[in-house]
Amino acid sequence: MQQYLEVGKVTNTHGIMGEVRVQPWADSPEFLCQFKTLYVDQTHWPIQVERARVHKNMVIVKFQGITDVPGAIAMRNAVLYIDRADAKLPEGSFFLADLYGLEVRDAQTGQALGHIAEILTLPANNVYVVRGGEREMMIPAVPQFVAETNVEAGYLRINPMEGL
């Protein structure tokens, strides 16, 4: 499992005191507000968060040491990461990054159908793109179709739709 997980991207500055606007890549923008340290880009350079708040589905972040507009502009387009160890998830929750590559099995027969190759994050619900052999399936990530998600054991059991 990856130690650092992408959580958002700095899109612009906010105000004149060095704050930045972050587009969160999480279930809710509030999730991003709980972290005191974020990590910047692929180098995972740590940066301390002085404060963070939600504003119109974006997160306004004030980083330590960034005190003006030019400093905030330098952060524009930076991808932000969290350390997995810093995240506190509710029981039964998981990171989407942990689902990539999981084997997908038929819940009734146990037959392997493929692996999760992509996850589409749509407004209604996520959709798992499963590739196996010559076929590709799209499975809505809802209880009606997903019988069990076992990240530790490396599989996802589904109830296939008619005609699949």
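Reader: Over the face of which residue does Arg105 lie, and at what distance from the ring centre?

Author: The model is a predicted one. A charge counts as sitting over a ring if CZ of Arg is within 6 Å of the ring centre and within 35 degrees of the ring normal. Arg105 lies over the face of Tyr155, and the distance from the ring centre is 4.3 Å.

Reader: Which residue stands opposite Tyr155 of β12?

Author: β7 and strand β12, residues 155-158, pair in the parallel sense over 4 bridges. Tyr155 belongs to β12, and the residue that stands opposite is Glu103.

Reader: In what order do the strands of the open sheet run, and which are the edge strands?

Author: The open sheet has 6 strands in the order β10-β9-β8-β7-β12-β11, with mixed pairing. From one strand to the next, the twist averages 30°. Strands that pair on one side only form the edges, and these are β10 (135-140) and β11 (146-150).

Reader: How do strands of a sheet pair in general?

Author: Pairing takes place through backbone hydrogen bonds. The strands may be either parallel or antiparallel.

Reader: In what order do the strands of the barrel close?

Author: In the barrel the pairing is antiparallel, and 6 strands take part. Neighbouring strands of this sheet are turned by 50° against each other on average, with direction ignored. The order is β1-β2-β5-β4-β3-β6.

Reader: What is the bridge partner of Val20 in β5?

Author: Strand β2 (residues 19-24) runs antiparallel to strand β5 (residues 58-63), and 4 bridges join them. Within β5, the bridge partner of Val20 is Val61.

Reader: With which side chain does the side chain of Arg84 make a polar contact?

Author: Arg84 is found in the loop between β6 (79-83) and β7 (103-106). Not counting residues up to four places away in sequence, Arg84 touches Met1, Gln2, Gln3, Leu5, Phe95 and Asp98. A polar contact requires N or O atoms within 3.5 Å. At 2.7 Å, the side chain of Arg84 makes such a contact with the side chain of Asp98.

Reader: Why is the pair of Phe31 and Phe35 edge-to-face?

Author: The count of aromatic pairs comes to 2. For Phe31 and Phe35, the ring centres are 5.3 Å apart and the planes stand at 70°, so the pair is edge-to-face. Planes over 60 degrees apart count as edge-to-face, and the angle here is 70°.

Reader: Are Phe31 and Phe35 buried or exposed?

Author: A residue under 20% relative accessible area counts as buried, and one over 50% as exposed. Both Phe31 and Phe35 are buried.

Key. Residues are numbered from 1 along each chain as its sequence is written. This is a predicted model: local features need pLDDT of at least 70, side-chain atom pairs count only at pLDDT 80 or more; totals for chains, interfaces and linings use all residues. Side-chain values use heavy atoms; hydrogens and water are left out. Two strands pair if DSSP finds at least two bridges between them. Helices (H or I, at least four residues) and strands (E, at least two) are DSSP runs, numbered from the N terminus. Axes are lines fitted to C-alpha atoms, for helices over the stretch in contact, and angles run from 0 to 180 degrees between N-to-C directions. A polar contact is a pair of N or O atoms within 3.5 Å; within protein, one must be able to donate a hydrogen and the other to accept it, and residues adjacent in sequence count only if both atoms are side-chain atoms. Contact means heavy atoms within 4.5 Å. Rings of Phe, Tyr and Trp (its six-membered ring) pair if their centres lie within 6.5 Å; planes under 30 degrees apart count as stacked, over 60 as edge-to-face and the rest as tilted. Buried means under 20% relative accessible area, exposed over 50%, partly exposed in between (1.4 Å probe, protein chains only).
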